[in-house]
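Hi everyone, thanks for coming. Let's look at the model together and start with one residue.

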Amino acid sequence: MAEHLDDFFSDNAQWVEPAQETFTSALPPEPPKSRRDMRRHRAKRKHRRIITWIAVIVVVALIAVGSIFGIRMLKHWKAINTADEQIQVEDYSGPGDQDVSFTVESGQGASEIAQNLVKADIVKSVDAFTNAVSAGDFTLYPGTYSLKTHMKASDVAKILSDQSQAGGFVEVRAGERVSDVITAAAQASGKDVSEFQSVIDGGGDGILPSEAGGKFEGWFEPGTYDAQNKSAEDIIKAMVEARIAKLDKLGVPTGSDRERILIIASIAESEVGSEQYYGKVARVILNRIDAGMPLGMDTTVAYGLGISASQLTDDQLNDSSNPYNTRINKGLPPTPISNPGDGAITAAMDPPEGKWLYFVTTNLKTGETKFVETEDEFWKIRDEYKNNNENAN
């Protein structure tokens, strides 16, 4: 019987495998056995997330720092290369040798000027000069300059950017008289001032408009004019043509009204030093004319004598033979007393409304000017002027 049982189990042993080995690998993980295990599990997951975020932040920070460092290194490398390139640019080191005259024409750029400088052996290379102009952010002005051969490019750039050193070009400034302009024109052109005076005394036929009455004062447009290789008449004609074009652009009425506006504008320009007061001075002039009062402007008296207002004497102020003596002679003077600028002209065309009859520049340092309607108010601001002037001294 026992033998039969042994044979039975031996024959059928292959049918049965241990239950634990059959199901262990196929079953899912066992769930936590308690709430404590669940809390511990959630804490571990939160801890892993925090570590992950910290790692991400660290990586981003490292990338940012690396980028900044890389940009700085790139800039440093570029600066070194630029410096090396500048060092390699050929340039003269000395102050120069022989005196030469060099002309910059209107409309020429830095590169063209540089090429001409190299041809004249003033600078050693085009790059040296253009680099100097760029580094100094210089503006180059037309004119004829006194230079030397074998100059350092940066020194040349400084000179060519200084308009006061430019010869051959005459600058007309707002408020200047004709006498000042032709003196500067003679110097710029190398001609004798008598050549310009001859044109001025000639009545302006073919140059001046009829409303000017043969007088050039007030008819020169402020600006810069080429005086090289030109006659005195051509230089003066260019100034007058520019003036007419500007008056047309500003919409100034033609005929006698144009001359009248220039006269008023020239007085305003000469009487006060700030554009903010031009309109009020123009209104004072018109109010005094309407009231039948003399203008009483010292600047007009001085113009008629060819001097400045500060040089006037009591006898000169009382001289009625001077047609520009508006202390005695009523109305406007015969001509403008200077070449007014745009601000004064536009102010004379449309002065502000007001009943002012008097004005005084009460503070010579700041240029502050006060306007009043009555004579009593005038004496008050006149005393203020005296007190400020005494304190200034």
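Asp-137 is exposed, with a relative accessible area of 68%; buried means under 20% relative accessible area, exposed over 50% and partly exposed in between, using a 1.4 Å probe and protein chains only. Before we go on, this is a predicted model, where local features need pLDDT of at least 70 and side-chain atom pairs count only at pLDDT 80 or more, while totals for chains, interfaces and linings use all residues. Residues are numbered from 1 along each chain as its sequence is written, and side-chain values use heavy atoms, leaving out hydrogens and water.

Where does Asp-137 lie? You'll find Asp-137 in the loop between helix H5 (126-136) and strand E2 (143-148); helices (H or I, at least four residues) and strands (E, at least two) are DSSP runs, numbered from the N terminus. Asp-137 is not a glycine, yet it has a positive phi of about 50°. Most residues other than glycine have a negative phi.

His-150 has a positive phi too, near 60°. His-150 sits in the loop between E2 and helix H6 (153-160), and at 27% relative accessibility it is partly exposed.

Now the helix pair. Helix H11 (residues 278-290) packs with helix H14 (residues 342-349) at an angle of about 45°, their axes 8 Å apart. Axes are lines fitted to C-alpha atoms, for helices over the stretch in contact, and angles run from 0 to 180 degrees between N-to-C directions. Tyr-278, Gly-279 and Ala-282 of H11 make the contact with Gly-343, Ala-344, Ala-347 and Ala-348 of H14, where contact means heavy atoms within 4.5 Å.
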